[in-house]
Amino acid sequence: MPSALAIAAHPDDIEFVMAGTLLQLKDAGWDIHYLNVSSGNMGSTVMTAAQTARVRRKEAQDAAKLLGAKWYAPLCDDMLVFYNEANIRRISAVIRAAKPTVVLTHALADYMEDHMITARLAVTAAFTRGIPNFRSLPQRAPDLTPCVIYHAMPHGQCSPLREPVTPELLIDTTSIHASKRAALACHASQKEWLDATQGQESYLTTMDDFSRRLGRQSKKFAHAEGWTRHLHYGFGAENDDPLRDALGKKYLRNIRHKIH
């Protein structure tokens, strides 16, 4: 059975921009896997860091259960997501265990470093998956399953320099939007944090707006998630696109995406 692994920085990031695609793959018969690299311990203005980490761990576990995904424990704390040997080895172990055909992760250019470093860690760890002389932590046997990395839309659907970002492809999430929204609602602690620090009003409404904007871009779907494939070298064949192969009519190449 094919599998997909979502690798995101914080609890709730998967639900914001990746969970719809995960759910569509699950409905297509895939195994789905869920890793937040960070504990989310800085995500509160009213709880201590330790309290926040405990609350957000439970919220993430509840969300993964609702999605039907295998949950993996976080590796570090917020603002300490570093591109280093230990994190590469730990994420390599998760990838070797999950054997994903698809890795979903953040955009390489996003509004904060935790997101961008997570994306780089995911790419490097996926590259190491089949290298016999690279030891993961814990050590697991290398696996050369062809793997395509898909980068999600950055938060706000623009680059850190406010430039609009156009995805390569769009996935229809209309039929499972309610389930995606329910999974995001598991992260109830984040309403207080996002309202206080980022002026997002309701985090659920923000997610709704993001997916509707992408749906309008498709001129076909009410809600959508956007993705761009990582270059294939070291991962598989040039034209590999398992989302296209698995999702059929729920997949749309975005004619607004320009290949330079």
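Both F16 and F210 are buried, and in this predicted model they form one of the 2 aromatic pairs that the structure holds. The ring centres of F16 and F210 lie 6.4 Å apart with the planes at 50°, so this pair is classed as tilted. Since F16 belongs to helix 1 (residues 13–17) and F210 to helix 8 (residues 203–218), the pair ties together parts that are 194 residues apart in sequence.

The other pair is made by F127 and F235, whose ring centres are 5.7 Å apart and whose planes stand at 80°, so that this pair is edge-to-face; the angle lies over 60 degrees, which is the cut-off for that class. F127 lies in helix 5 (residues 113–127), while F235 is found in the loop between strand 7 (224–229) and helix 9 (242–247), so the pair ties together parts that are 108 residues apart in sequence.

| Aromatic pair | Distance between ring centres | Angle between planes | Class |
|---|---|---|---|
| F16 and F210 | 6.4 Å | 50° | tilted |
| F127 and F235 | 5.7 Å | 80° | edge-to-face |

A further topic is the packing of helices. Two packed helices are described by the angle between their axes and by the distance between those axes. For helix 3 (residues 49–67) and helix 6 (residues 177–185), the angle is about 160° and the axes are 8 Å apart, which makes helix 3 roughly antiparallel to helix 6. The crossing of helix 3 and helix 6 is right-handed. At this contact, A63, L66 and L67 of helix 3 meet S179, A182 and A183 of helix 6, and by class the contact comprises 5 nonpolar residues, 1 polar residue and no charged ones.

Some backbone details in the loops remain to be described. The peptide bond that leads from L137 to P138 is cis, with omega near 0°, and P138 sits in the loop between helix 5 and strand 5 (148–152). M79, a residue other than glycine, has a positive phi, near 65°, and lies in the loop between strand 3 (70–72) and helix 4 (85–98). R162, although it is not a glycine, likewise has a positive phi, of about 70°; R162 is located in the loop between strand 5 and strand 6 (169–172), and at 74% relative accessibility R162 counts as exposed.

Methods: Residues are numbered from 1 along each chain as its sequence is written. This is a predicted model: local features need pLDDT of at least 70, side-chain atom pairs count only at pLDDT 80 or more; totals for chains, interfaces and linings use all residues. Side-chain values use heavy atoms; hydrogens and water are left out. Axes are lines fitted to C-alpha atoms, for helices over the stretch in contact, and angles run from 0 to 180 degrees between N-to-C directions. Helices (H or I, at least four residues) and strands (E, at least two) are DSSP runs, numbered from the N terminus. Angles under 35 degrees count as roughly parallel, over 145 as roughly antiparallel, 65 to 115 as roughly perpendicular and the rest as oblique. A crossing is left-handed if the near helix is turned anticlockwise from the far one by less than a right angle, and right-handed if clockwise. Contact means heavy atoms within 4.5 Å. Ala, Val, Leu, Ile, Met, Phe, Trp, Tyr, Cys and Pro count as nonpolar, Asp, Glu, Lys and Arg as charged, and the others, Gly among them, as polar. Rings of Phe, Tyr and Trp (its six-membered ring) pair if their centres lie within 6.5 Å; planes under 30 degrees apart count as stacked, over 60 as edge-to-face and the rest as tilted. Buried means under 20% relative accessible area, exposed over 50%, partly exposed in between (1.4 Å probe, protein chains only).
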